[in-house]
Amino acid sequence: MKKNERITAFVQGLDLDPREGGDGMDAHYTGYFACFNAGQYYEAHDVLEHLWLRGCGEEHAFYKGLIQIAGAFVHLRKQYLRPEHPKDGKRLRPAVRLFELGERNVAPYGPRHLGLDVAALLALCRATAGEIIISEFTRNPWHPDRRPQLTLEAAS
């Protein structure tokens, strides 16, 4: 099975709650949030990348930024799980870099876009990256019991 077929099947298997604002939105977009909120950041990245690679016109930078933000959380999760690992233990700097890139791509769409509170997402990115920077890249603020949650509201 090719990657695009695997991703499509994965998205179809997600239990997407229609009350979370996904009405009329692409399932790959709403699937991103379902995966992200479950702490499945790599899957969130893959699901939205599938939509991004198909061509998304004016949403190109917005989707790219969301993908980068999920990538930042992939780094934080891996570093949390294996802080002493030679590779995974050094993921805080790349995470901050991805937060910065994601912010730059998403910010022009604020304060709200496609049902997402962009301003709140930017605040999350800045706060998380800020904690890492203040600790001089020694403290990972991510914890599985305090996973960030992104809420989609009906797009207006």
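The model is a predicted one, so local features are reported only at pLDDT of at least 70 and side-chain atom pairs only at pLDDT 80 or more, while totals for chains, interfaces and linings use all residues. Residues are numbered from 1 along each chain as its sequence is written, and side-chain values use heavy atoms, with hydrogens and water left out.

To start with the overall layout, the chain has six helices and two strands (DSSP runs numbered from the N terminus, with H or I over at least four residues for helices and E over at least two for strands). Along the sequence these come in the order α-α-α-α-α-β-β-α. Of the 156 residues in the chain, 46% are buried; here buried means under 20% relative accessible area, exposed means over 50%, and partly exposed is what falls in between, using a 1.4 Å probe and protein chains only. As for contacts (heavy atoms within 4.5 Å), 65% of those with a separation of 6 or more join residues 24 or more positions apart.

Helices α4 (residues 60-81) and α6 (residues 118-134) pack at about 35°, and their axes are 12 Å apart. For reference, the axes are lines fitted to C-alpha atoms, for helices over the stretch in contact, with angles running from 0 to 180 degrees between N-to-C directions. The crossing of α4 and α6 is left-handed, which is to say that the near helix is turned anticlockwise from the far one by less than a right angle (clockwise would be right-handed). On the α4 side the contact is made by F62, L66, I69, F73 and L76, and on the α6 side by V118, L121, L124, C125, T128 and I132. Sorted by class, that contact has ten nonpolar residues, one polar and no charged ones. The classes are simple: Ala, Val, Leu, Ile, Met, Phe, Trp, Tyr, Cys and Pro are nonpolar, Asp, Glu, Lys and Arg are charged, and the others, Gly among them, are polar. An α-helix has 3.6 residues a turn, so residues three or four places apart point the same way.

Next comes the core. A nonpolar core is taken as a set of buried Ala, Val, Leu, Ile, Met, Phe, Trp, Tyr and Cys residues joined through side-chain atoms within 4.5 Å. The largest one has 41 residues, and Y29, Y32, F62, L66 and I69 touch the most other members. At least two residues of this core come from each of α2, α3 (41-53), α4, α5 (92-106) and α6, with α4 giving the most, at ten residues. In soluble globular proteins, nonpolar side chains tend to be buried together.

Helix α2 (residues 27-37) is mostly covered, with nine of its eleven residues buried; among them are H28, Y29, Y32, F33 and F36. Leaving out residues up to four places away in sequence, Y32 touches A44, V47, L48, L66, I67, I69, A70 and L150. At the start of α2, a side-chain oxygen of D26 comes to within 2.6 Å of the backbone nitrogen of H28. Just after the helix, G39 takes a positive phi of about 80°.

N140, in the segment after α6, counts as buried because its relative accessibility is 15%. Its side chain makes a polar contact with the side chain of Q79 at 2.8 Å, where a polar contact is a pair of N or O atoms within 3.5 Å; within protein, one must be able to donate a hydrogen and the other to accept it, and residues adjacent in sequence count only if both atoms are side-chain atoms. A polar side-chain atom of N140 also lies 2.9 Å from the backbone nitrogen of W142. Not counting residues up to four places away in sequence, N140 touches L76, Q79, Y80 and L92.

Most residues other than glycine have a negative phi, and most peptide bonds are trans. The peptide bond from G110 to P111, however, is cis, with omega near 5°, and P111 sits in the loop between α5 and β1 (112-113). L114, in the loop between β1 and β2 (116-117), has a positive phi near 45° and is partly exposed at 26% relative accessible area. E136 has a positive phi near 60° and is exposed, at 63%.
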